[in-house]
Amino acid sequence: MARQNSQAPLPVAVIGAGRMGGHHARIYASLPEAQLVGIVDTDISRAHLLAQQHNCGAYASIEALLTACPDLRAASISTPTIYHRALAETLLIRAIDTLIEKPLAPTVADAQALVALARSKQCVLQVGHSERFNPVVRALSQHQLEPRFIEVHRISPMRFRSVDIGVVLDLMIHDIDIVHHLVRSPVASIAAVGVAVIGRYEDVANARIVFANGCVANITASRLAMKTERRMRLFSPDAYVSVDYQKKAGVVIHKTANQEQLDILQQQLAAEETPDLSNLDYTQLVHVDQLEIDDQEPLKLQLQSFLHAVRNRTEPVVTGEDGTFAVDVATRITEAIARHQANPNL
Ligand SMILES: NC(=O)c1ccc[n+]([C@@H]2O[C@H](COP(=O)([O-])OP(=O)(O)OC[C@H]3O[C@@H](n4cnc5c(N)ncnc54)[C@H](O)[C@@H]3O)[C@@H](O)[C@H]2O)c1
């Protein structure tokens, strides 16, 4: 990956001037390490609107952008998922480092093709699993956890966005990525149920994923709920974790903090048939750690991390392989849902 490594701001562009593209453009425009040179949208009026806000060029295609800005170094793709592969190929073929919004692609074959192309062109390919940069997840990463069970709820009201994909690829994929990041083991089996209410793709889904190392994850996602909730609970041999992504709060309860007292208790339990433990205060036996959570914007951290990988030619925090894993598991979940719909007694 031998490329020029000057400290000049990196010329970057945003492809897709919708809701997420607006956030990418706002953040790039605010970062000293980037120079936002262009916005691309097939709806040129949208491109113009966003480009005017940030004083850069507006283009109807990547080709037009590259003609005007031949020095472009990197770009974010924030279009509907069905266009990710074709747009990313146009950039990667020209060796432009690319960040693609999640999900990486609609199919595993598309995702794998992008990973292979990025590798052959020695390009940085990062996937926009922005929850990895959520302060709650970052705080959790400071703890050594060996999850045995993870329960996740990610529910929200219908906003009629991303209806080109189902709730598994739209919302659950965030948790598939985080769970995989925490468990670090291949998937052994998947069971799932789901229903499509509004369109042809599932709007509510539950998946039970069993990992090769024995960990079980039970993930529920809905885009038809009356409220918004994003919670994860996890237990491991040494700790129980409860986090609320929305409230940016979390707690880790370690048993090892008071191992001596626990040992005495366990001896008592082993020695007596019906021990009287009514005077015991459970909270004295464990160590409760409130997660230390900073208030940084996940998307900003994600783009800074992408620019860092581009400038230093390093592996991005969320790789194309991570994105492919998430698409693969999401696909297997939707296939399990289809099987269950065809035969609920399975
Ligand atoms: N990281 C997250 O938390 C998060 C949240 C929401 C959405 N997303 C992802 O971001 C992406 C975009 O979602 P959104 O909600 O911003 O969508 P959106 O519909 O608001 O915007 C998409 C934009 O892309 C443009 N577009 C469509 N085809 C194009 C093409 N071929 N070339 C250039 N522009 C094109 C559209 O005109 C539109 O302006 C999706 O992949 C979605 O899954 C990520």
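Here are some questions and answers about this predicted model.

Reader: Let's start with the whole chain. How many helices and strands are there in the chain?
Author: Picture the C-alpha trace first: along its principal axes it spans about 80 × 50 × 40 Å. Within that span, the count for the chain comes to 11 helices and 14 strands.

Reader: What percentage of the residues in the chain is buried?
Author: The chain has 346 residues. Among the contacts with a separation of 6 or more, 69% are between residues 24 or more positions apart. As for burial, the share of buried residues is 51%.

Reader: Now for helix 2. Which residues of helix 2 are buried?
Author: Helix 2 covers residues 44-54. On one side of it you'll find the exposed Leu49, Gln52 and Gln53. The buried ones are Ala47, Leu50 and Ala51.

Reader: Why do the buried residues of helix 2 line one face of the helix?
Author: An α-helix has 3.6 residues a turn, so residues three or four places apart point the same way. In helix 2 the buried residues are Ala47, Leu50 and Ala51. Look down the axis of helix 2 and they line one face, because they fall within an arc of 100°.

Reader: Which residue just after helix 2 takes a positive phi?
Author: Just past it, phi goes to about 55°, and the residue is Asn55.

Reader: Is helix 7 parallel or antiparallel to helix 11, or perpendicular or oblique?
Author: The axes of the two cross at roughly 120°. The perpendicular range is 65 to 115 and antiparallel needs over 145, so an angle between those ranges falls in the remaining class. That makes helix 7, relative to helix 11, oblique.

Reader: Is the crossing of helix 7 and helix 11 left-handed or right-handed?
Author: We're still with the pair whose axes come within 9 Å. The crossing of helix 7 and helix 11 is right-handed.

Reader: How many nonpolar residues does the contact of helix 7 with helix 11 have?
Author: From helix 7 the contact includes Val168, Leu169, Met172 and Ile173, and from helix 11 it includes Phe325, Ala326, Val327 and Val329. By class, the contact has 2 polar and 2 charged residues, while the nonpolar number is 12.

Reader: Which residues does Val183 contact, leaving aside its neighbours within four places in sequence?
Author: Val183 sits in helix 7 and is buried, with a relative accessible area of 6%. Its C-alpha atom is separated by 31 Å from that of Tyr83, 100 residues apart along the chain. Leaving near neighbours in sequence aside, Val183 is in contact with Pro147, Ile150, Phe211, Asn213 and Cys215.

Reader: Is Ala95 buried or partly exposed?
Author: Ala95 lies in the loop between helix 4 (84-92) and strand 5, and its phi is near 60°, a positive value in a residue other than glycine. Buried would mean under 20% relative accessible area. Ala95 is at 29%, so it counts as partly exposed.

Reader: And is Arg313 buried or exposed?
Author: Arg313 is in the loop between helix 10 (298-312) and helix 11. Though not a glycine, Arg313 has a positive phi of about 55°. Its relative accessible area is 15%, so Arg313 is buried.

Reader: Last one: where is Ser242?
Author: Ser242 is at 13% relative accessibility and counts as buried. Not counting residues up to four places away in sequence, it touches Arg231, Met232, Arg233, Ala249, Gly250 and Val251. Its place is in strand 12.

Definitions and conventions
Residues are numbered from 1 along each chain as its sequence is written. This is a predicted model: local features need pLDDT of at least 70, side-chain atom pairs count only at pLDDT 80 or more; totals for chains, interfaces and linings use all residues. Side-chain values use heavy atoms; hydrogens and water are left out. Axes are lines fitted to C-alpha atoms, for helices over the stretch in contact, and angles run from 0 to 180 degrees between N-to-C directions. Helices (H or I, at least four residues) and strands (E, at least two) are DSSP runs, numbered from the N terminus. Angles under 35 degrees count as roughly parallel, over 145 as roughly antiparallel, 65 to 115 as roughly perpendicular and the rest as oblique. A crossing is left-handed if the near helix is turned anticlockwise from the far one by less than a right angle, and right-handed if clockwise. Contact means heavy atoms within 4.5 Å. Ala, Val, Leu, Ile, Met, Phe, Trp, Tyr, Cys and Pro count as nonpolar, Asp, Glu, Lys and Arg as charged, and the others, Gly among them, as polar. Buried means under 20% relative accessible area, exposed over 50%, partly exposed in between (1.4 Å probe, protein chains only). The arc is that of the directions from the helix axis to the C-beta atoms.
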